[in-house]
Amino acid sequence: MADVAAEQEATGLAGTARLEAVAGGGLTTLPRARRRRGRRWLGALLPLALLVVWQVAVLLELRDRNRLPAPVDVLVALQEFFLTPSSPTLTGVIPFLGAGWQHLGASLERTAVAWAAAVVVGLLLGLGLGLSRWFADVTDPLLNALRAVPLFAWLPLVIIQFGLGEPAARVLVFVGALWPVLVSTADGVARVPRQHIETARMLGTPRGQMWQRVYLPSALPEIVTGLRLSLTLAWTCVVVGELAGITWGVGAMMNASRERNATDQVVVGILVFAVVGLLADRLLRLATRRWTRWADT
């Protein structure tokens, strides 16, 4: 009986110790979660603070009203852009009233097509650079030189080669979105730990399947980072692409609004780019999370 009592006491002590350990962990985790929730609230309040600063600058008339519209003016323009019934316009005139969804759809379609092409080409070239020393030695100087050319420097040449219109716009978005995927893929593949490669060889992985079974999965975190950067750049480069004689697109609308000196409409375009870019990045992170979850552990 004494032995049983001692055992029960030991079991009770062990259980208490586990409970205390769990409680201790909770105490250390709980404040961290609260601090993170606090930071998120601050992040949500930051745009409101910026809005207040903007309104104060308008009230103090720090800039002419045509150069710095009030937030309420931008809100009205935003409502006119998306919710006002559209009306026919003259040929060549880029509409604003009620044309928001058409402009947004055109920009999204243009960006998606060019970005998809950039991802395919960037992955292939990046894998080639990371897997083949010979290919890297031959092509790396040329690719790095081309990567250093600003997107605006490509604009005149692309217009000469493809003319004004849709092809030129898509080529410019493609050029802007290509480099992050290419560089991140090449770096990710080149930095695959040697132990992974040796282990795969010991397990009999065929040489021709190493890129698929070892290099590509190991480089996925870097590749996903490159995809996110590439998507953001594609979305921002569409503004440059839509300078190439495009009638429909948020960037084309902004350029036409600038010519009309309608600053509130230009700010509407900026807001659309910001919101859509943020949503696209969040969606891409959610879509790729299961591929890179192992890297967080």
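**Figure 1. Salt bridges in the predicted model.** The count comes to 8 salt bridges, a salt bridge being a side-chain nitrogen of Lys or Arg within 4 Å of a carboxyl oxygen of Asp or Glu. Side chains of opposite charge can pair when their charged atoms come close. This is a predicted model, in which local features need pLDDT of at least 70 and side-chain atom pairs count only at pLDDT 80 or more, while totals for chains, interfaces and linings use all residues. Residues are numbered from 1 along each chain as its sequence is written, and side-chain values use heavy atoms, with hydrogens and water left out.

**Figure 2. The protein as a whole.** The secondary structure comes to 11 helices and 0 strands. Along the sequence, the pattern reads α-α-α-α-α-α-α-α-α-α-α. Helices (H or I, at least four residues) and strands (E, at least two) are DSSP runs, numbered from the N terminus. Of the 297 residues, 35% are buried; buried means under 20% relative accessible area, exposed means over 50%, and partly exposed lies in between (1.4 Å probe, protein chains only). Among contacts with a separation of 6 or more, 67% join residues 24 or more positions apart, where contact means heavy atoms within 4.5 Å.

**Figure 3. The salt bridge between Arg 110 and Glu 166.** The two side chains meet at 2.7 Å, N to O. Arg 110 belongs to helix H3 (residues 100-131) and Glu 166 to helix H6 (residues 166-190), so the pair ties together parts that are 56 residues apart in sequence. Arg 110 counts as buried, at 3% relative accessibility, whereas Glu 166 counts as partly exposed, at 26%. Both residues also belong to a network of salt bridges that links Glu 109, Arg 110, Glu 166, Arg 170 and Glu 242.

**Figure 4. Two further salt bridges.** Glu 198 is partly exposed, with a relative accessible area of 34%. Another salt bridge joins Glu 259 and Arg 258, whose closest N and O atoms are 3.9 Å apart. Both Glu 259 and Arg 258 are exposed.

**Figure 5. The packing of helices H7 and H8.** Two packed helices are described by the angle between their axes and the distance between the axes. The axes of H7 (residues 194-202) and H8 (residues 210-218) come within 11 Å and cross at roughly 155°. Axes are lines fitted to C-alpha atoms, for helices over the stretch in contact, and angles run from 0 to 180 degrees between N-to-C directions. H7 and H8 are therefore roughly antiparallel to each other, as angles over 145 degrees count as roughly antiparallel. From H7, the contact is made by His 196, Ile 197, Ala 200 and Arg 201, and from H8 by Met 210, Val 214, Tyr 215 and Ser 218.

**Figure 6. Two loop residues with positive phi.** Glu 61 is a residue other than glycine with a positive phi, near 55°. Glu 61 is found in the loop between helix H1 (2-59) and helix H2 (71-82), and is exposed, with a relative accessible area of 65%. Asn 261, also not a glycine, has a positive phi near 60°. Asn 261 lies in the loop between helix H10 (250-259) and helix H11 (263-292), and is exposed at 51% relative accessible area.

Terms used: Angles under 35 degrees count as roughly parallel, over 145 as roughly antiparallel, 65 to 115 as roughly perpendicular and the rest as oblique.
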